[in-house]
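User: Hi, I have a new model to look at. Can you walk me through it?

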Amino acid sequence: MRALAFAEVVGVWDQQISREEQKGVENSADVTFMRAALEAAKVAGEHGDVPVGCVLEFNGDVIAIGENRREVDHDATAHAEIVALREASKNRQSWRMEDVTAYVTLEPCVMCAGALLNARCAAWSSAPSTRRPEPWGLATTF
Ligand SMILES: [Zn+2]
């Protein structure tokens with residue numbers, strides 16, 4: 001039953017990303033990073049977690065990838081965004097993520113939205129919307 005739900009969710013996201021790809025080259029980088037986040041989500045689903053993935057991008061490079069790991073790590077806070085933020089912080093030796101964009105396959109929950117804001121992420125993009133953490137985010141597009 002979990003596998004069926006996982007396949008359905010990933011299929012919907014895959015279709016959504018494909019529609020964005022068809023819109024043209026303007027947002028091709030966004031599509032590339034969102035596809036990478038979707039691949040991370042697939043990994044989460046494969047180890048029995050809800051399939052959510054997150055990619056952190058800085059200057060056109062992926063600086064961290066996280067997938068939801070709550071079940072496999074027995075950690076309620078191991079959401080994809082938190083996992084990615086921890087990896088990026090460790091690699092950069094800084095918690096500050098100014099000029100970093102987070103690509104998440106699911107709109108961040110309250111905990112993760114708070115973490116992205118506290119880390120000072122420049123923006124986050126999630127299916128189905130893109131939000132910038134200026135006064136609690138106004139949806140633009142994705
Ligand atoms: Zn979360």
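This is a predicted model: local features need pLDDT of at least 70, side-chain atom pairs count only at pLDDT 80 or more; totals for chains, interfaces and linings use all residues.

User: What pLDDT does the chain average?
Analyst: The protein chain averages 81, and 72% of the residues score at least 70. pLDDT is the predictor's confidence in each residue, from 0 to 100.

User: Where does pLDDT stay under 50?
Analyst: Over residues 130–142. The model has 22 contacts beyond four places in sequence for them. Two residues are in contact if their C-beta atoms, placed from the backbone, lie within 7 Å.

User: How many helices and strands are there?
Analyst: Five helices and five strands. Along the sequence, the pattern reads α-α-β-β-α-α-β-α-β-β. These are DSSP runs, numbered from the N terminus: helices are H or I, at least four residues, and strands are E, at least two.

User: How much of the chain is buried?
Analyst: Of its 142 residues, 37% count as buried. Buried takes 20 or more other C-beta atoms within 10 Å of a residue's own, exposed takes 12 or fewer, and partly exposed is in between; C-beta atoms are placed from the backbone.

User: Which residues touch the most other members of the largest nonpolar core?
Analyst: Ala 37, Cys 54, Val 55, Leu 56, Ala 84 and Ala 102, out of 33 residues in that core. Six elements come up here, because each gives two or more residues: α2 (28–46), β1 (53–58), β2 (61–67), α4 (80–92), β3 (100–104) and α5 (110–118). The largest share, eight residues, comes from α2. A nonpolar core is a set of buried Ala, Val, Leu, Ile, Met, Phe, Trp, Tyr and Cys residues joined through C-beta atoms within 7 Å.

User: What does Ala 37 touch?
Analyst: Gly 53, Cys 54, Val 55, Tyr 103, Val 104 and Thr 105, not counting residues up to four places away in sequence.

User: New topic. Which residues are buried in α5?
Analyst: Cys 112, Ala 113, Ala 115 and Leu 116. They sit on the same side of α5, because they cover an arc of only 160° around the axis. That arc is taken from the directions from the helix axis to the C-beta atoms.

User: What covers them?
Analyst: The cover includes α4, β3 and β4 (123–126).

User: Is Glu 107 buried or partly exposed?
Analyst: Glu 107 is partly exposed, because 16 other C-beta atoms lie within 10 Å. Glu 107 lies in the loop between β3 and α5.

Definitions and conventions
Residues are numbered from 1 along each chain as its sequence is written.
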